[in-house]
Amino acid sequence: MNNYQITQWCARFIREQVSPGDLCIDATMGNGNDTLLLSTLAGEAGRVLAFDIQETALANTKKRLLDAGAPENYTLLLESHTKIDRYAAPGSVSCIVFNLGYLPGGDHSRATRSSSTLPALEQSLTLLKKGGLLSLCIYSGGDSGFDERDAVLPWLASLDHRKYLVIRCDYYNRPNHPPIPVLVLKL
């Protein structure tokens, strides 16, 4: 498989991270691709919490999970990712996934914003267990995302290097503001 898409690249590391029985969070469920991956990897003994504020995202994700025969280990929440700390205990989550930007095929004005993303990312660090992974796909473009990208990247750079390993990659020779994949490991 050619891992040229940002989501495929991040999925490689998610596959290495998540084990059967793990608790995982898809903080931006979108069309359900990451929710399905997490559900499959966590298995019957695991649990996946998926968040989105758009009913379309919830419906698309539910259909994707049902069509794929995913284990029934997920809870789909029509809720902002700013509330993820209400659903999981500190130090309990193996993997948390964020795809920043707008719902593919959806309304571009309904995109993630730094005002909600940064508090959700702060909560994520608390929820991750030692050795846990935070996966970020940062999308930016003319109609959304520059402000969010420009707030999230310095926040990531400011994380205490004794507590977190932040790995940022770039599609360096791609035009038009390519997405930025980032992995954060809790040490």
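The model is predicted. Start with β1 and strand β4, residues 93–100. These two strands pair in the parallel sense, over 3 bridges. Here Ile25 stands opposite Ile96 in β4.

Now turn to strand β2, residues 47–52. It runs parallel to β1, and 4 bridges join the two. Opposite Asp26 stands Ala50 of β2.

Look next at the side chains of β1 itself, which covers residues 23–26. Leu23 and Ile25 point one way. Cys24 and Asp26 point the other way. In a regular strand, side chains alternate between the two faces of the sheet. Are these four residues of β1, Leu23, Cys24, Ile25 and Asp26, buried or exposed? All are buried, each with under 20% relative accessible area.

Move on to strand β7, residues 180–186. Of its 7 residues, 6 are buried, so β7 is largely enclosed by the rest of the structure.

Which strands pair with β7? One is strand β5, residues 128–138. β5 and β7 are antiparallel and share 6 bridges. Within this pairing, Cys137 has Pro181 of β7 as its bridge partner. Another is strand β6, residues 164–168. β6 also pairs with β7 in the antiparallel sense, over 5 bridges. There, Arg168 has Val182 of β7 as its bridge partner.

To recap the pairings: β1 runs parallel to β2 and to β4. β7 runs antiparallel to β5 and to β6.

Technical notes:
Residues numbered from 1 in each chain as written. Predicted model: local features only at pLDDT ≥ 70, side-chain atom pairs only at ≥ 80, totals over all residues. Heavy atoms only, no water. Buried < 20%, exposed > 50% of the residue type's maximum accessible area, 1.4 Å probe, protein only. Pairing = 2+ DSSP bridges.
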